[in-house]
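I opened this entry to record what I looked up, one chain at a time and then across the interface.

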Amino acid sequence: MKTYYKSEIKTALIFLTPLAIFILLFVFIPIIATFINSFFKDITFLNKKFIFLQNYFYLFKDAGFWQSLRFTLLFIIVSVPAEIILGLIFALILNYNIPYRGFIRVCVLLPWVIPAVVSARLWELIYNYSYGLANFLLLKTGLINELVNWLETGFSAFFALIVADVWKTTPFVAIILLAGLQAIPQEIYFQAMIDRANVWQRFSKITLPLLKPILIIALLFRTIDAIRIFDLVYVLTKGGPGGSTTSLSLYAYKYFLSGDFGYASSISIILFLISFIISLLYIKFGKFEQEIL
Amino acid sequence: MVGGAPNEVAFWNKLAKEFEKETGIKVEILKQPADTEQRRQGLVIALTSKNKDPDVFLMDVVWIPQFAASHWLEPLNSYLKRDSQILKGFFKNVIKTVDVYHQNIIALPVYIDGGILYYRKDLLQKAGFKNPPQTWEDLVDYSLKIQRIIKKENPDFYGFVWQGAQYEGLVCNFLEIATSNKGGIFFKNGRIILNIPQNIKALEFMKDLIHKYKISPPNTFTEMKEEETRIFFQKGNALFERNWPYAWMLHQAQNSPVKNKIDITELPHFKGGKSTSALGGWHIGISKYSDNKKASWKFVKFVTSYKVQKELALNLGWNPARTDVYKDKEILKTLPHFKKLRVIFNNLVPRPKVPYYPLISETLQRYINGALAGKIEPAKALAQAQKEINLIVNRYEK
């Protein structure tokens, strides 16, 4: 562990204070307020009443809650690994000295630049049954004879959402990993080549271990983002068919709209706890305290 | 606070200017998105934080029980006492079912909506059907016959389009078909009654429209909302359409392929049942937190006046909340279908009138849509929905 001078600490504190105030105002206070609110029967059309854990007990009996919890977890389990793997492949390709590298990088990044709601609308137009691009292209090329209803079953709607999400966020993973790749000194590879390490050995023994901290960061960001998935579902499926694609945040939103702030708060707290625990796990197993090299 | 399509917002801006000229009171129009849920969100936030603005706002019919029970709406009785004559012109059934809360009138209707059946009179005539279908059985029969012929040239053609996606409109569609079979959504002794044979038959029928008769397109339960059905029908790809009256003006627009080929009638019913339309529409109310209630009341009176209601119909094609406007000569000349609407609007069926209705609706949407998707049997869907809704009722009735 490195020791710091007093003056160093002082400067650090001065620089950190604005951020700390910001986090306190816009992160901690809302979280605590939501937490307190989740102990209340706080419904616009009834008297406010302290009910302690009853909102949470009600959650356990609520089939809609379990359905949305299951969807949200499944969504993370499928979308995040897909994005990481694809992102890694893109990053490795972009890391090579290919022609038009700058141009290709911009192209890859484009989906990430588009606002989430806009890209969701875009996919809505692609999936649309009667005038969607997907059906149009598949029909023209003769791959299908009959129109496909992409959002028909819970299963197909789920994968339609996954595809849209992967399309949108893979670039983000690719860019983060690309930065990580470029931080790896080229000398190590030269040395490995002298030792006659093949491509796979160089990747698995050098690239992957050295990329690990960045990979964990990418995983962390993507997981937390995926837990909160809202815009895509709100636009594409509205939670259907039959509620099978309702995410936790969409479910909380529906209660918020109905004026039941207490219950909506308890759902939000569960959402918060899940992402908090996952973050802790990542940080623990990511071993951030170890320095690179 | 108003929202909606750009032409609607422009119209409200024009109204505000007219009002200012007449009374000298300046009205600031707060713009909202077109999406109904987002409009509610904006209002819920303003009202829970006891904002002084907006003073006056428009509400969807189904929000009113929640807004009233939350004591967000200024009771209008004392204002109405002084201006009692203004109540006369309205659809009485609408005010009675929607705007009265604890013997107080808390809002007034601005315009009325109800589900209606649009049909292609040219196609019916060609196939030798003189009248539009009276019963659902007829509708299926006509659709099958005409669809078979037209599909040969236009494979995208379907008999009947309606709103089946998982959203509020689906509840309206279900309610109409169920009540036309003497079913519906009932409350008895603080419990909801949903799982009855009439409703099961109605839901089975809705499912059959898509999967058995195949006269409704397969994306009915994934994508079909108002605009999707309207566009589908307007392209000439459907024989019948269930929609709100707003579609009329668009169907009859200059560049519409179905212009002058269509007509409207009341929705069909099952044998032995009666046609009904789900009651929709928007109402105007004054915020309890308004710091300018007197001026607000003047604006409410202005918006619900004969003159403005007529303008509403002529400019936006909305259906006025006042019956007297439907007999206006100028109106009947430009909007002849208003004659039929006035009759249809006497058979409006409201959605459950409880402050926690959105949650009931959410559950209903989930199960009805699930049944349409074939995920769950209609009978089981209704049984489950009833069970889940009664949990909600228990939670909020205490």
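Predicted model: local features only at pLDDT ≥ 70, side-chain atom pairs only at ≥ 80, totals over all residues.

Chain A. I looked up the secondary structure and found 12 helices and two strands. I took the extent of the C-alpha trace along its principal axes, which is about 75 × 70 × 30 Å. I checked burial next: 32% of the 293 residues of chain A count as buried. For contacts in chain A between residues at least 6 apart in sequence, I found that 70% join residues at least 24 apart.

Sheet in chain B. I traced an open sheet of four strands, ordered β6-β9-β5-β10, with mixed pairing. I identified its edge strands as β6 (158-161) and β10 (262-265) of chain B, each of which pairs on one side only. I noted an average twist of 15 degrees from one strand to the next. I then followed β6(B) to its partner β9 (residues 238-243) of chain B: the two run parallel and are joined by three bridges. Within this pair I located B:Tyr158, which stands opposite B:Ala238 in β9(B). I also looked for a helix against these strands, and found α10 (residues 226-234) of chain B lying across β5 (116-120), β6 and β9 of that chain. I recorded its direction as about 155 degrees to β9(B).

Interface. How many residues of chain A are in contact with chain B? I counted 23, in contact with 32 residues of chain B. I sorted the chain A side by class and got eight nonpolar, 12 polar and three charged residues.

Conventions. Residues numbered from 1 in each chain as written. Chains lettered and ligands numbered in written order. Contact = placed C-beta atoms within 7 Å. Nonpolar A, V, L, I, M, F, W, Y, C, P; charged D, E, K, R; others polar. Pairing = 2+ DSSP bridges. Axes fitted to C-alpha atoms, helices over the stretch in contact; angles between N-to-C directions. Buried ≥ 20, exposed ≤ 12 C-beta atoms within 10 Å, placed from the backbone.
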